[in-house]
Amino acid sequence: MLDIRLIRENPEAVNQALKRRKPDLSVDAISRLDAQRLELLQEEEMLRGKRNQMTQQIAQAKKEGRDTDAIQQETRTLAERIKAIEQQKEEIAEQQNALLMEIPNMPLPQTPDGADENDNVVLRTWGDEFKNRYCADVLPHYDIGATLGILDFDRGVKISQSRFSVMRGEGSRLERALINFMLDTHTENGYEEILPPFLVNRQAMTGTGQLPKFEVDMFRCKDDELFLIPTAEVPVTNLYGGEILSEDQLPISMTAYTPCFRREAGSAGKDTRGLIRQHQFDKIELVKLVRPEDSEAEHLKLLADAERILQLLELPYRVVELCVGDIGFSAARCFDIEVWMPAQGVYREISSCSTFTDFQARRIGLKYRSEATGKPAFMHTINGSGLAVGRTLAAILENYQINHQEVEIPLALRSYFRNGATQLTVARSKELV
RNA sequence: GGAGAGGUGGCUGAGCGGUUGAAAGCGGCUUCCUGCUAAGAAGUUAUGGGGCCUUAAAGCUCCAUCGAGGGUUCGAAUCCCUCCCUCUCCGCCA
């Protein structure tokens, strides 16, 4: 949510920033409603003040045993007026809020111009030397996964629906090894491990910006008014909502493993095969709550922390800075990490590291007491995947493919996987299934 | 799921229709005292919003908020209704 005061005091600057995202974005309608609301608010407050005074008079008069019928009658009509004005004001406030909640964050100046993903900027590539490790004609991860008997797409669909799959045997084990490896790496690096609820309420979903605009993308439990989380960002960022922390508690760095649930509305036909786009997938998330002045440095640090996982796994990747047309609703600046997928010869997103300035903090009520001013101030929130686990597994199946029957286990993962087993093989997988 | 109790400021806890934004205690902060510490004294200490003033900060003032939302009333932390949450007992259960 944008700061209504900023909109009030400098609507042009806000509009200018928003128009970088989309030419038709504007806060003008909000400004108009705000002016109306303020006017009604002032009248309401004036009348309330008057009523409070009269109420005191009544109390005084009663104490002295005087008659109060007349003034009571007067106060009654006053109360009716207050109610009417309040109602008007509420209506306008609601309209204003509805509009405000659908306005995306203002991009930071650093975020490059551009309309869509084609205008994103490649910042760097890493690990070219690890491309073409073994096999020249790499099978896609879903084929080698099927051959090895560790990915079962058909049965996943049978018991659930499309875009659900089953991992089994060494596949399931590899997924678990990756989760532990990532969590351990991040916690050793100063992040606190969090295991949050996977179902959250509407308020939390609104706080991070998934609602109200993107409700169709969410799985929802209607009877309980709860939503399956699309990312651990939601429960973890909301953790301190409504509290005022002391400045020395910041920065707070948290990491969480959760499954993530997305309806993928509107992506029919996209990435229909394999693990790339599933309704349910595992992800390790990194979340930071920071002082505004630390926000850029912490954002870059978080990005480096996510990159580190790929470096340790020796998977080639590149870092892309998203343009204004491609960053998410709540984000002000965003880097994607894309891992090399040799079967298709493309880089695929495996992490998205965003800074939200105070946009989420304002919605959630994430504050800290500034030591300089002694007053509460909004924090900045930052998050990123560290990493998407299924996609990491897919990348391993391709980048570490020895031949069409065997996949090597990355060195960094071996202590997490079957006591140092070095390969996935058809024989071994069959034994286990 | 059934029965009961309860949700008040950073914490403990009073208030149960009329200067109560809220007693008291603890904690925090500031100043004084003290060779240092301890002890002591005084003051101060919620959040959000509006207006005035100001370059700004500060300041002044008003409004709202005692789990959330509605209602009764001239007036609600206090009475009524709905919802949420916590605790205790019973039942069920990984």
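Analyst: Beyond its neighbours within four places in sequence, Thr255 is in contact (heavy atoms within 4.5 Å) with Leu183, His186, Thr187, Tyr191, Glu192, Glu193, Ile194, Ile284, Glu285 and Leu286. The model is predicted, with local features requiring pLDDT of at least 70 and side-chain atom pairs pLDDT 80 or more, while totals for chains, interfaces and linings use all residues. Residues are numbered from 1 along each chain as its sequence is written, chains are lettered from A and ligands numbered from 1 in written order, and side-chain values rest on heavy atoms, without hydrogens and water.

Thr255 belongs to strand β9 (residues 252–261); strands (E, at least two residues) and helices (H or I, at least four) are DSSP runs numbered from the N terminus. Its relative accessible area is 1%, so Thr255 is buried; that term means under 20%, with over 50% exposed and partly exposed in between, for a 1.4 Å probe and protein chains only.

One of its contacts, Ile194, also belongs to a core of 15 residues that includes Leu250, Leu289 and Met379. A nonpolar core is a set of buried Ala, Val, Leu, Ile, Met, Phe, Trp, Tyr and Cys residues joined through side-chain atoms within 4.5 Å. The largest such core has 52 residues, and Leu397, Leu413 and Leu424 have the most contacts inside it. Helix α7 (residues 170–188) gives this core its largest share, seven residues. Leaving aside neighbours within four places in sequence, Leu397 touches residues including His141, Ile144, Leu148 and Leu424. In soluble globular proteins, nonpolar side chains tend to be buried together.

Chain A is divided into domain 1 (4–101) and domain 2 (117–432), with bounds from an automatic or database domain assignment. Their centres, taken over C-alpha atoms, are 44 Å apart.

RNA strand B is surrounded by 24 residues, the closest being Arg8, Thr75, Lys367, Arg369 and Lys375; a residue is near the strand if one of its heavy atoms lies within 4 Å of it. Of the RNA atoms within 4 Å of the protein, 78% are from sugar and phosphate. A polar side-chain atom of Lys367 is 2.8 Å from a phosphate oxygen of RNA strand B, and one of Arg5 is 2.9 Å from a phosphate oxygen. At Glu45, a side-chain N or O atom lies 3.2 Å from a base nitrogen of RNA strand B. Helix α3 gives the most to the surface near RNA strand B, 12 residues.

Methods. Polar contact = N/O pair within 3.5 Å; in protein donor to acceptor, adjacent residues only side chain to side chain.
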